[in-house]
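Subject: Structure handover

Hello,

Here is the structure we talked about. Please open it alongside this note, which goes through what turned up.

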Amino acid sequence: MLQLRGVNKFFADRQIFNAIDWHVRPQDRIGLCGDNGAGKSTLLKLLAGRVEADSGQVQSAKGTTFGYLPQDGLEYKGRSLFSEVHSALEELLAIQAELGELETKLAADHTPADLDRYAELQTLFEDRGGYSMEAEVGKVLAGLGFSPQDFDRPCEEFSGGWQMRIALARLLLQRPTLLLLDEPTNHLDLPARDWLEDYLCHYPYAVVLVSHDRFFLDQVVGRIVEIWNGKLTEYPGNYSRYLTARDERVRALREAKRQQDEEIERIEAFITRFRYQANKASLVQSRVKQLEKIERINLPPERKRIAFSFPPPPKGGRIALELKNAGQKYGDLQVLDAVDLVVEQGERIALVGPNGAGKSTLMRLLAGVEAPSSGERIAGHNLAQAYFAQDQAAELNPQRDVLSEISADAPYEMVPKLRNILGSFLFSGDEVEKPVRVLSGGERNRLALAKLLLRPANLLLLDEPTNHLDLQSKQVLLDALKGYKGTIVFVSHDRYFVDQLASRVLEVGAGKVESYFGNYEDFLRAKQKQGDLSHSSQRVEQSVNEATPRISESKEQRRQSHAERKQQQRQQQRRARELAQLEAEIEAQEKELAELEQLMADPQLYQDQEKWHNASQSHRQLKDSLEKAYLRWETLQETS
């Protein structure tokens with residue numbers, strides 16, 4: 001349905017895409033992966049027609065419609081939420097308006113043509129879901145976390161994250177045949193992510209998306225396209241299978257590059273050795289041409305990742321922290337009411353619930369940043385806490401550079417380690433002198449996380465620590481938290497992160513806090529047993545079962561591919577051995593021929609007819625043998 005042919009794209013003197021060929025098929029589910037700045041968002045904009053290729057072609061099939069969701073920058077105002085989202089159904093609304101005009105006309109004077117047109121439009125309106133479009137608008141808005149009370153609110157009252165939800169709702173209702181989503185889960189809580197995941201799994205057309213949510217990618221996409229060094233590399237399957245397949249490919253590339261480097265070194269040595277020998281001129285020239293034809297293998301760079309561990313926590317009591325009958329209200333709004341919560345040492349507690357339910361309020365009460373309006377907060381014995389707020393990056397001083405900012409809060413004994421800590425968070429060399437004000441969102445979050453390492457703590461309170469982090473950085477943060485020996489209470493909208501880390505889930509909503517032991521998947525199962533499907537659809541078991549045959553097939557394909565590569569390597573090695581042996585024979589025969597020709601240049605040879613006859617016969621045989629050797633050598637070179 002859409003094809004890229006020889007597409008090149010430059011930003012200033014940097015080439016983002018280098019003669020890429022790629023196509024998107026109907027009903028494809030494609031996830032774009034690659035390092036920050038590799039060109040993921042640029043590729044989406046190319047597909048959407050928001051930027052043009054510098055050369056090459058972007059071709060789309062007739063009738064293709066495009067829907068593009070950028071990361072940010074959209075704002076809606078002037079209409080209520082429901083009216084704004086409803087207006088996305090332009091075609092249906094136009095049909096509805098024409099039906100209304102025809103009904104007025106039919107009530108008065110009308111022609112047979114009017115009746116035919118009315119019947120045609122009525123059928124079309126019904127087939128396209130016109131009679132249920134208001135219900136569909138309500139369903140999509142509810143799925144994305146809007147309450148019925150929000151429907152009549154003016155759009156300008158909604159913040160940036162909710163503005164993006166409005167844009168996403170409009171796109172989903174338009175149902176374009178190619179849906180292009182740039183970080184669609186950025187501003188969604190877990191229930192909304194689960195709903196969107198299910199919606200996209202059943203979406204009837206093609207979807208291409210960028211996401212830093214591993215679980216979301218695993219559930220939604222069936223193909224990963226990696227962008228690196230201006231090229232696209234496709235991997236069948238979801239993100240988890242891509243990680244395995246990519247490691248296998250990089251290992252194979254390293255081995256192929258090692259063999260190629262050896263071959264290049266051998267050819268260059270041959271050229272250097274025989275460059276000035278006239279009788280080897282043809283061989284040397286052939287080797288020079290062979291070198292020019294070799295397409296050098298480029299290895300993907302080792303991925304820079306955050307690599308750190310938290311300082312050993314000081315010993316504390318069995319109970320780290322406790323809330324007794326705690327409540328919090330702002331004016332007439334009661335956010336939390338009579339909450340009893342005991343946090344025990346060593347627990348990993350995840351707070352879940354829709355946006356606005358009170359998760360961040362509960363975190364502030366636990367951190368002691370806010371005093372409860374009722375009840376009390378009781379700190380455990382020898383409590384040493386570290387609190388990472390949702391807007392922690394905003395607390396950084398924009399007037400300082402990176403090193404000065406971390407130094408300002410560092411204890412004296414930590415000063416010698418500051419550069420090592422910053423290096424672990426990818427701030428190395430001159431980057432430590434970068435002004436805080438110019439840092440990206442991900443860099444700010446990394447710097448704020450680095451400051452957590454300055455003082456040992458036995459309780460970490462983390463409110464959205466994974467915001468703006470890429471997939472690799474999230475994984476290393478997760479690994480570090482898994483190795484941490486203290487207690488963790490955290491909020492995250494990353495399903496994989498919660499599943500991997502949580503040992504208990506607290507559901508926050510309606511002013512209350514309900515406790516469920518296990519990770520998020522265990523929490524969903526418990527809710528389903530209670531008949532509450534508000535957090536997800538019943539597809540956990542089904543998705544696992546459906547994935548099994550695909551995994552087996554993928555393993556079989558990899559096994560076959562591995563066998564083919566091995567066979568090719570063996571053939572290449574046999575050719576290389578034969579080539580080396582042949583070159584040694586050619587060298588020996590050329591030496592023998594040169595000696596014979598020197599002998600035949602002696603006039604005394606012709607005085608002995610028998611010796612002259614034998615020398616002439618040997619000369620012919622050597623020439624014939626060399627000719628055959630040269631032909632075989634050329635054949636081997638062409639197939640190498």
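Start with the charges over rings. The charged end of R446 sits over the ring of F427, 5.3 Å from the ring centre. R495 does likewise with F215: it lies over the face of that ring, at 4.0 Å from the centre. Bear in mind that this is a predicted model.

Next, the aromatic residues. The structure holds 13 aromatic pairs. One of them is F82 with F151, a tilted pair at 5.8 Å centre to centre, with 40° between the planes. This pair links distant parts of the chain, 69 residues apart. F82 belongs to helix α2 (residues 81-86). F151 is in the loop between α5 (133-143) and α6 (160-174). Both F82 and F151 are buried. Elsewhere, W195, Y199, Y203 and Y205 make up one aromatic cluster.

Now the sheet. Six strands form an open sheet, in the order β5-β6-β7-β3-β8-β9, with mixed pairing. The edges are β5 (66-69) and β9 (231-236). Each has a single partner strand, so one side of each is left without a neighbour in the sheet. On average, neighbouring strands are turned by 20° against each other, direction ignored. Strand β8 (residues 223-228) and β9 run antiparallel and are joined by six bridges. R223 has P236 in β9 as its bridge partner. Helix α6 lies across β5 and β6 (178-182), and runs at about 165° to β5.

Two backbone angles are worth a look. R175, in the loop between α6 and β6, has a phi near 50°, a positive value in a residue other than glycine. R175 is partly exposed, with a relative accessible area of 39%. N382 is not a glycine either, yet its phi is positive, at about 55°. N382 lies in the loop between β13 (374-379) and β14 (385-388). At 43% relative accessibility, N382 also counts as partly exposed.

Last, confidence. How high is the average pLDDT of the protein? The average is 84, and 91% of the residues score at least 70. Residues 537-555 are another matter: pLDDT stays under 50 there. For that stretch the model has 15 contacts beyond four places in sequence. Where pLDDT is low, predicted coordinates should not be read in detail.

Best wishes

Technical notes. Residues are numbered from 1 along each chain as its sequence is written. This is a predicted model: local features need pLDDT of at least 70, side-chain atom pairs count only at pLDDT 80 or more; totals for chains, interfaces and linings use all residues. Side-chain values use heavy atoms; hydrogens and water are left out. Rings of Phe, Tyr and Trp (its six-membered ring) pair if their centres lie within 6.5 Å; planes under 30 degrees apart count as stacked, over 60 as edge-to-face and the rest as tilted. Helices (H or I, at least four residues) and strands (E, at least two) are DSSP runs, numbered from the N terminus. Buried means under 20% relative accessible area, exposed over 50%, partly exposed in between (1.4 Å probe, protein chains only). A charge sits over a ring if NZ of Lys or CZ of Arg is within 6 Å of the ring centre and within 35 degrees of the ring normal. Two strands pair if DSSP finds at least two bridges between them. Axes are lines fitted to C-alpha atoms, for helices over the stretch in contact, and angles run from 0 to 180 degrees between N-to-C directions. Contact means heavy atoms within 4.5 Å. pLDDT is the predictor's confidence in each residue, from 0 to 100.
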